[in-house]
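Please work through the following exercises on backbone geometry and covalent links. Each task is followed by a worked solution.

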Amino acid sequence: MSPSKREREYARRRYNKRAAKLAKNNAVARERRIVATVSVLALLVVVAGLFFWNRQLEADPAADPSAGDTATAPESESPATEPGALPTTNPQTYQAPPPAADSLDQDWNIVIHTNMGDIEATLDGALAPQSVASFIMLASNGFYDGTACHRLLPDSLLQCGDPTATGGGGPGYSFGPIENAPADGVYPTGTIAMARQGGNAESQGSQFFLVFNDVPLPSDAAGGYSVFGTIDSGLEILQAIGAAGTADGSGDGQPIENVIIESVEVL
């Protein structure tokens with residue numbers, strides 16, 4: 001083979017080798033492009049699917065299990081039956097109670113509007129001037145609006161007036177002494193009296209209790225409980241609340257159904 005032929009053969013082999021390598025590289029590049037394209041298309045399909053799924057949830061809350069449960073749950077199964085789930089409010093508070101003279105030593109007619117019905121009552125400003133002056137001031141300023149009655153003794157009384165619904169809330173002040181407590185320690189049906197801390201006559205504030213069946217409440221070291229009014233109508237509402245019982249079935253606890261004071265009207 002002449003040198004010229006050897007050179008041509010060598011050149012042809014180099015060309016074929018370069019062509020084969022180029023073809024291989026092109027094939028690899030093509031495969032990568034195909035994989036990338038397929039991946040992008042798959043991602044777009046997933047994104048589109050998520051978009052339309054979310055749009056469906058927004059348009060139809062029942063498709064979301066949690067939203068559906070909330071929307072269809074009857075009121076009787078609301079979390080209100082669970083102790084500690086009562087609604088709370090954040091009313092204006094005060095540094096000191098109004099003067100007892102604001103009761104004007106007269107009777108005051110009020111209506112306690114609740115979600116269970118209206119309770120009409122008369123407050124005695126002559127026998128319990130400080131308790132009545134405080135209650136009338138708080139009621140007139142909307143302090144009790146939206147508050148829950150947090151404590152029930154099913155056979156005798158319902159306690160209300162705490163915006164925190166815990167038994168520890170108040171109007172920002174406390175007062176005493178105890179006024180017009182029954183000498184025999186028995187609080188008759190229809191009594192409205194101030195709640196307080198045990199052994200502390202100066203701890204009265206916004207909380208009060210409504211007696212729907214005669215109940216003995218023995219005096220402690222501080223005495224009894226300030227009686228400042230009587231219920232004129234609505235006892236059957238309170239007795240029905242008592243008959244329903246407490247959320248945990250005990251003899252002293254949260255009512256099984258939320259009892260909410262919507263407002264207190266001073267007539």
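**Exercise 1: Positive phi**

At 15% relative accessibility, Ala165 counts as buried, where buried means under 20% relative accessible area, exposed over 50% and partly exposed in between (1.4 Å probe, protein chains only). The model is predicted: local features need pLDDT of at least 70, side-chain atom pairs count only at pLDDT 80 or more, and totals for chains, interfaces and linings use all residues. Residues are numbered from 1 along each chain as its sequence is written, and side-chain values use heavy atoms, with hydrogens and water left out.

Task: state where Ala165 is found, and treat Asp105 likewise.

Solution. Step 1: Ala165 is in the loop between β5 and β6; helices (H or I, at least four residues) and strands (E, at least two) are DSSP runs, numbered from the N terminus. Its phi is positive, about 55°, although Ala165 is not a glycine.
Step 2: Asp105 lies between α2 (65–72) and β1 (107–114), in the loop. Phi of Asp105 is near 50°, and its 56% relative accessibility makes Asp105 exposed.
Step 3: Most residues other than glycine have a negative phi, and most peptide bonds are trans.

**Exercise 2: The cis peptide bond**

Task: identify which residues a cis peptide bond joins.

Solution. Step 1: The bond joins Gly176 and Pro177, with omega about 0°.
Step 2: Pro177 belongs to the loop between β5 (157–160) and β6 (186–187).

**Exercise 3: The disulfide**

Task: find which cysteines form a disulfide (a pair of cysteine sulfur atoms within 2.5 Å).

Solution. Step 1: The sulfur atoms of Cys149 and Cys160 are 2.1 Å apart, forming a disulfide.
Step 2: Cys149 is in the loop between β3 (147–148) and β4 (151–153), and Cys160 is in strand β5, eleven residues apart.
Step 3: Both Cys149 and Cys160 are buried.
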